[in-house]
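This report goes through a single protein model, starting from individual residues and ending with the fold as a whole. Please keep the sequence and the coordinates in view while reading.

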Amino acid sequence: MISAVFTVQKAEVYNEVAKTTSYTGIKMSGDDYERIFTTDEDRMMLERFFNEAANNLTDLFKPFIVTVSDTSPLHCIDLERNYVVNLELSSSYDTNLNGSIQSSMFSFFTNFIVGSWYKFTNKGEAEGYLGTAASLLLDIKSKLYFRKKPRRIVPTE
């Protein structure tokens, strides 16, 4: 078996969400920027979306989980409370995929949170982000179940 630990930094996700919503708000007209852009005051709502995203990933990882960070809701915002999962994977799992899985996890969190936020503030773009998040879950799953070909070891003389 192969052990793999993946971490999603909450503060980095929130920064990416802020960049994405800011960019979208700038492209809009009038008061849309103030409505769409996430601020520190919106963090409690974003916290709920972060926990929902974590629960989705935990559900995907269930067959492999050794440990996973606590994702139960808090009544405060803790930017140090990251999503960390330790997985035990098949011995034929390709560890070269770790970086790609890590990147897809970060993108999943970002797209899920932006899509969830946009359901309230920018309905026209919400489904696009949520669809991308769903595709990223499938991407992560396919990487977890991908098996590298066995290698024959040729004895040397």
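## A residue in helix 1

T21 lies in helix 1, which covers residues 10-27; helices here are DSSP runs of H or I with at least four residues, strands are runs of E with at least two, and both are numbered from the N terminus. The relative accessible area of T21 is 0%, and T21 is therefore buried, where buried stands for under 20% relative accessible area, exposed for over 50% and partly exposed for the range in between, with a 1.4 Å probe and protein chains only. From its side chain, T21 reaches the backbone oxygen of A18 at 3.2 Å.

## Basis of the model

The model is predicted, so that local features need pLDDT of at least 70 and side-chain atom pairs count only at pLDDT 80 or more, while totals for chains, interfaces and linings use all residues. Residues are numbered from 1 along each chain as its sequence is written, and side-chain values use heavy atoms, with hydrogens and water left out.

## Strands and their pairing

Strand 1 (residues 2-8) and strand 3 run antiparallel and are joined by seven bridges; two strands count as paired if DSSP finds at least two bridges between them. Within this pairing A4 stands opposite L87, and F6 has V85 as its bridge partner. Strand 2, residues 65-68, also pairs with strand 3 in the antiparallel sense, over three bridges, and there V68 stands opposite V85.

N98 belongs to helix 4, residues 98-121, and is partly exposed, with a relative accessible area of 24%. Leaving aside residues up to four places away in sequence, N98 touches A4, F6 and Y93, a contact being heavy atoms within 4.5 Å. The side chains of N98 and Y93 make a polar contact at 2.5 Å; this term denotes a pair of N or O atoms within 3.5 Å, of which, within protein, one must be able to donate a hydrogen and the other to accept it, and residues adjacent in sequence count only if both atoms are side-chain atoms. The C-alpha atoms of N98 and D40, which are 58 residues apart along the chain, are separated by 32 Å.

In helix 5 (residues 123-145) one finds Y129, which touches T20, T24, N111, V114, G115 and Y118 when residues up to four places away in sequence are not counted. Y129 and T110 are 19 residues apart in sequence, and their C-alpha atoms are 8.8 Å apart in space.

## The fold as a whole

The secondary structure comprises five helices and three strands, and along the sequence these elements follow the pattern β-α-α-α-β-β-α-α. Taken along the principal axes, the C-alpha atoms fill a box of roughly 75 × 30 × 25 Å. Of the 157 residues in the protein, 42% are buried, and among contacts with a separation of 6 or more, 73% come from residues 24 or more positions apart.
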